[in-house]
Each structure stands twice: as structure tokens, then as C-alpha cells.
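The following exercises are to be worked through with the sequence and the model at hand. Each task is followed by a solution in steps.

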Amino acid sequence: MSTQTKPSPVETTYREALNQALREEMRRDERVFLLGEDIGVYGGVYAVTRGLLEEFGERRVRDTPIAESVIVGAGIGSAMGGLRPVAELQTINFSLLAMDQIVNHAAKIRYMSGGQICVPLTIRTVSGGGNQLAAQHSQSFEGWYASVPGLKVAAPFTPHDAKGLLKASIRDDNPVIFIEHSLLYSTRGPVPPEEYLVPLGQAEVRRRGKNVTLVSYSRMVGLCLAAAEKLATEGIEAEVIDLRTLRPLDIETVIASVQRTKHAVVVEEGWRTGGFGAEVASQIAERAFDYLDAPVARLAGADCPMPYAKNLELMALPSEEDIVAAAQGLLGR
Amino acid sequence: MGEERLLEFLRRMLLIRRFEEKAAEMYALGKIGGFLHLYIGEEAVAVGAMAALEPRDYVITHYREHGHALARGLEPGKIMAELFGKATGVSRGKGGSMHLFDARRNFMGGYAIVGGSLPLSVGLALASDYLGEGRVVLSVFGDGAVNQGEFHESLNLAALWHLPVVFLCENNLYALSTPIERASAVTEVFRRGECYGIRGRQVDGMDVQAVYEAVEEAVARVRGGSKPVLVEALTYRYRGHSMADPVQFYRKRQEEEKWKQWDPLLRLRQRLESQGRLPPELRSQMEREVEAEVEAAVAFAEESPPLPAEELCHDVYSDKT
């Protein structure tokens, strides 16, 4: 019997896990640097980059003007020139100002150049609502980006995955849109003290169950887990899949689960029309139609701009109760 | 300036002109698809500017870039093959006329979103600065780009961070059909860097030596570690915006004739001839050699294999992670 024991994981916040990932990758590789609004002296509007300026200096932690297009474009260009930039866009809403750089440039340069030039750029940004920030600060565009060939899109739920996926994104030779969620920054979870990576493109089964599969990513995974607890008290065993990466999408894990449970609920914060959940539902229908005992259920954000009023905002987002009701509905309970 | 260098400038300008004339012919024959933006008339800008660079410097440009690519030394055959959509093209047939790339020559691509390459040039300069490489970035764009937000974001950040970029505006007076005075509140492009503390300079873009000297001075200044520089080259495209553009709808023939009197090839040739430096036999030899080079480029493109089906989704991602 081995006397060696692995060091035990440390309870860490999502925010601190991201900070560790940045710090470790910057220590590991001199080419990694950060740029973005308020990331240096201020430490980031969500305090993810706090302390990094002090350790790495202004050359590697660069405060920028409010100019999203050149933040991303300078990231792309410096990646083309041999660096491994991590650009922070304060929220995904602001990424629309950089959409030309992200979609027309970052995602295309490798292909248009016939494979000559890579763009190893990571764009960290914050998606989602739930903070009463109203229509221009509460959107979820990760599904849009996930539809673009040439981009990878990660959207972690746990501190463990936030760290491991961010490190993997920085080491990836492709542009990665790395989606964080403001309501997750203070959540805690175990993070191994030793070095690890979480590969892009692998979903995680967060809870095993045999009656229904709940598929989600980012903050909504937490609601799915809470819903699964409730369903369990009624004798419904829900399996919860955390996609972790939207592109590449690990649909195999979803299909394998649905083939066993014969029921699927797909949950996302973004708008229902054209949402990422529609892609997941359609792939389930294409690949596992004969296994399904009921149509795939979808829960998504309401098809309206996000309202400010708290009661309306709550109605605009999927809730734990919605997920429970959807699962019950599929199972005829 | 030495005789050899001026003769080389003339030869390069002639190569661009003959290449573009042949490309127009190949387009009419259906060998080239998509959009084709010819550089005829503007040859002095590319030839003068590229001659002022070192091989390690970066070039990044827009979609009317055949001239830039040829002046930078990309093989005419591989450029023509790219226009033909062949596997031997400079971008392996994936980019086409608007997206010529050659990483080995630090030719970082032609881009087809007006203004879109400017932020990239800031990033390339940042990489050079960060790594202490001493490379300068030549960032080429047209007068149509200067009203895009990306132009202003890029000039501001490049100046703020003292990055080694020479911004080179090829002002050919028209953004597709719209004349600059109908699009720009300030039509002197070289002055538009002033609010970022960027030194600007206007140059006769129909005079290859003038362009060379202006860009060389800008490159030296920028390589010396000062702020970026903005050079405006006044030039004129003889053809339409693209092959699909009926130029007579918005331009007067008299204006075209006026600019053609300043033709960059004609002027340099006359100058060399008047100084006895271009005897008729040398001139015809140069013509013959350039024509043969262009014919060889077409033959190479014709004979090159098409892209195999498995190329469709290849090069979307790097496998290295």
C-alpha cells in the first residue's frame, strides 16, 4: 500500500481560481500577457486580475482605453507576432464592439492564410444576467460565438473547471472565447493544489441519474443540480451534464446519457430563439430520436430585452422550479 | 538615388502593372472569381514603401493588395495561383485575391473589412516591442478606412504605447464611389493623427522615389523608438473599385486623364530616359522579361492542381493545443 497521499484540494472561489490560472500561466510562459480595461491598477471590475500588476509589471498587465475593437485586435496581432495574449472584455455585451475583430479576423486568419498563421488568443469575458443590470448588461452571446468556425468557446461552472479550462485556453493555439459568469465569482469549490488542465471539448457528468438528462453550462448548471435534488425527493433521478465547452461540443456525452434516460431538458440563459440549446436539442433529435420517450424540452431566457425590475428579471431567466416542472412534464408526473 | 535602384523600381512597377492587366484578362475569361480589385495607377506607393522596409518588418494591408505582395517579393506565380484558387497559391487557395499571405516574408495578409487590419497592426507592433525585436509594422489602408472607429482606436493606442507602426494611407480619393470630400470632414488624411500626437506627412503617391523617401524616413523615426507616423500618399486607381464597378458613374474622364499624365511608370521612365539611363534596348528587354514573368505566372496557375475535397475543413483550427 502506498504511503503517498495526494495533497487535498483547497476550497477556492471561482474568482481566485481564475486568478491562479492567470498567475501560473504568466509564470510559466513569458509570452503570456494581459490587456483590458481596468485590469491593472484597479485589478479588474470583478477583481479577477487583482495582484497581477504588482507581480508582473506594466509590460505584462496592460490597462487599455475603452476601445474594445483595438483591445481584441491588438490581442490578435500580438498573437500573430508570437505572443499569447489574454484580453479581458468587461462584459460580453461590450464584445459586440469587437465583433469584427473576433468574427471577421480572429476566427478567419488561420484559414484565410492557408494554415500559415495561428491566433493563440484568449478573450475572457462575462456573460449572463441576474444582477438587475438591465438590457445592455445582461446578455448571453456565447451561442453566437459558438456558431463561428475557428473559435473555441468555454463556459465553466465550477472553480476547478474555471482554472483548468483557462489554463488550457491560454495554451491553445486557437482563439478561445472564455465565458465567466458574474454570479459565480464568489462561489466556492475544491481546487487541486497541483498543476492540472481541463481539456477543451469535454463535458462533465455532475450527477448520475437514470430518468432524465439535464444539459446546461455555466451558472445554469447550479440550478440543474438544485433541481435534481428536488426531483430526487420525488423519486426522479436526474442526470446533470455540464457541457463546460460549447465549441468544440462534446455531444457524445449528451447522447450517451439521453440513450439511457430517454428524456432531455436543455437549459440556457440566452434567448430561446436561435439559442445554443436549440443546437443541442437538434443534435439529440438527429442522433437519439429513437431513444426518446418525449420531445426534448428547452428552457431559455425570455424572448425580450432584459428588464430592470427584479420580479420581471426573475421571470426572464430559467429557474430551478422551471427545470423541475420541465422534467416532471417529460415524465408525465 | 542610384541608377540601379531606380531601374529596379521601374521594373517592379512594370511587373505590377502587367500582372494586373493579365489578372483582368483572366477574370474576363472566368479563370478568376469573386471580387478583383486592381492596383493599376497606384504602383509607386507599393514599390516605394516596400523598398523602405527590412525583411524582418511586418506588412499588413487591405484587399487591393496584389501590388503590395509583388513589391514585397511574393512569387507572381503563387499569387496568380491564389487568384485562380489553386492549392499552390500563397494562401493555398483559401484566401483568394483579397487575402494574400506569406508568413515567411512577414506579409501578414490582406484584409477585406475596411479598417479591420489596423488593430492587428497595433498588435504586431506590440509583439515586436514586447519581444524587443526591433521590427517595424507597415500598416496600409485606404482613404475609406479613416472614418472607421478602428482607425481612431488604433492610432490612439499605438501612440499611447509608443508602438513601431508606420500607418500608410493610400488616398486614391474614392471610397468605392464616394469621393473623399463627401465622406471626410477633414480631407487631409495626414492631419488626422494630430489629435493623437502622431506626426503626419503627405507625399506624391505617383512618384516612387518620393514615396520611398517618405516611408524610409518614417520607418527610421519609428524604429528609433518614437511615436508612430502617418504617411498619406496621394494616388489614383485607374480602374473601377473592382471589376464589377462602372467607374463612369462617379468619375469624370477629364479627372482620369489628368492623373494619367502623372502616371508613375511614365514619369520614372521619362526621367531615366532624359538622363540617358534607360536606352531603348534596356527598356524593351525589361518589358520582355516582365511579360515572360507574368506569362510564367499564368502558366504556373493554370497547371497547378485544384484543392482536394479534404481541404474544405482543414486549417480551421490548429491541432496543437
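A residue is buried if 20 or more other C-beta atoms lie within 10 Å of its own, exposed if 12 or fewer, and partly exposed in between, with C-beta atoms placed from the backbone. The model is predicted: local features need pLDDT of at least 70, side-chain atom pairs count only at pLDDT 80 or more, and totals for chains, interfaces and linings use all residues. Residues are numbered from 1 along each chain as its sequence is written, while chains are lettered from A and ligands numbered from 1 in the order in which they are written.

**Exercise 1. Classify Arg201(B) by its C-beta neighbours and describe its surroundings.**

Step 1. Arg201(B) has 16 C-beta neighbours inside 10 Å and therefore counts as partly exposed.

Step 2. The residue is found in strand S7 (residues 199–204) of chain B. Helices (H or I, at least four residues) and strands (E, at least two) are DSSP runs, numbered from the N terminus.

Step 3. Leaving aside residues up to four places away in sequence, Arg201(B) touches Phe190(B), Ala214(B) and Val231(B). Two residues are in contact if their C-beta atoms, placed from the backbone, lie within 7 Å.

Step 4. Ala183(B) is 18 residues from Arg201(B) along the chain, and 21 Å separate their C-alpha atoms.

**Exercise 2. Describe the overall form of chain B and the largest nonpolar core.**

Step 1. Chain B comprises 10 helices and eight strands, and 53% of its 321 residues are buried.

Step 2. A compact globule of 321 residues would have a radius of gyration near 20 Å, and the 19 Å of chain B agrees with this. The radius is taken over C-alpha atoms, and the globule rule is 2.2 Å times the number of residues to the power 0.38.

Step 3. The largest nonpolar core has 192 residues, and those with the most contacts inside it include Leu214(A), Val265(A) and Val166(B). Such a core is a set of buried Ala, Val, Leu, Ile, Met, Phe, Trp, Tyr and Cys residues joined through C-beta atoms within 7 Å.

Step 4. Helix H1 (residues 3–28) of chain B gives this core its largest share, nine residues.

**Exercise 3. State how many residues of chain A and chain B meet, and what kinds chain A supplies.**

Step 1. In the contact between the chains, 37 residues of chain A meet 34 residues of chain B.

Step 2. On the side of chain A that touches chain B, H3(A) gives the most, with nine residues.

Step 3. The residues of that side of chain A divide into 14 nonpolar, 17 polar and six charged. Ala, Val, Leu, Ile, Met, Phe, Trp, Tyr, Cys and Pro count as nonpolar, Asp, Glu, Lys and Arg as charged, and the others, Gly among them, as polar.

**Exercise 4. Locate the cis peptide bond at Pro248(A).**

Step 1. The cis bond joins Arg247(A) and Pro248(A), with omega about -5°.

Step 2. Pro248(A) lies in the loop between strand S12 (245–247) and helix H9 (251–261) of chain A.
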